[in-house]
Structure formats: C-alpha cells, structure tokens
Amino acid sequence: MFAKVGEFINAKYGEGTAEVQITDSYHNMKEMVEPNMHLVENAKKAMLELGIEPRVEPIRGGTDGASLSYMGLPCPNICTGGMNYHGKYEFVSVDAMLKIVELLKKIVLTYAE
C-alpha cells in the first residue's frame, strides 16, 4: 500500500521525488506480556486492595510499555490517574497521583516478598 503512494508521487512529480521505507516501530506488547500474566494479575490484585476498579483493556502499542516489553522487560501499562488523555482537557489530580503511588508501592512489595 505505502509503496503505491511512493509510485504515485514519483509518477506525478518525477522519479526520485519520494522514497518509501517501512520499518517496524509500533509493537503490540500482547505477545510479550501474555507469558508473564502474573504482572497483570498482581497489578489487578493490588488495585482491588486499594479500592481501584481494574479495567483490563487491550491497547495497540506505541507506548513506553510496549517498547520496554520488546527490549526484554515485560511491562504492561497501568493507569496513571489521568483523565481526558491527548486533549485540551487532559488532567490528573494530586489525589489520583497519590493513589497511583500507593498502587506502585504495593506492586513492588508483591515482588519484594
């Protein structure tokens, strides 16, 4: 598909105007996290203990967690406490950030034991 775009541009504006190079840069972490589902289960358990309702939703990739997972550190994304991401009303409250700190500490303690 993308090669056809390059062909179209070169046909319209002259050979050599466009060059298409496709690289794999947007990984889906699912295949890296699935063998390590204890990470997700322990995060869910910690959330429930703190009164946070876990919502496990698949995401495509393109996150730091996906990049880290493909570097050998399985890293499912967890919440940050923020709301309305990627819009002009994006925010995070101090209370939510403090709750997430509690969550992270609880997860770390799970693996420290």
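Is His86 buried or exposed? His86 is exposed, at a relative accessible area of 81%; buried means under 20%, exposed over 50% and partly exposed in between, with a 1.4 Å probe and protein chains only.

## Basis

This is a predicted model, in which local features need pLDDT of at least 70 and side-chain atom pairs count only at pLDDT 80 or more, while totals for chains, interfaces and linings use all residues. Residues are numbered from 1 along each chain as its sequence is written, and side-chain values use heavy atoms, with hydrogens and water left out.

## Loop between β1 and β2

Asn84 sits in the loop between β1 (82-83) and β2 (91-92). Helices (H or I, at least four residues) and strands (E, at least two) are DSSP runs, numbered from the N terminus. His86 is found in the loop between β1 and β2 too.

Most residues other than glycine have a negative phi. Asn84, not a glycine, has a positive phi of about 55 degrees, and its relative accessible area of 44% makes it partly exposed. For His86, also not a glycine, phi is positive at about 60 degrees.

## Loop between α1 and α2

Gln21 is in the loop between α1 (2-13) and α2 (30-33) and is exposed, at 66% relative accessible area.

Ile22 lies in the loop between α1 and α2 and counts as exposed at 62% relative accessibility.
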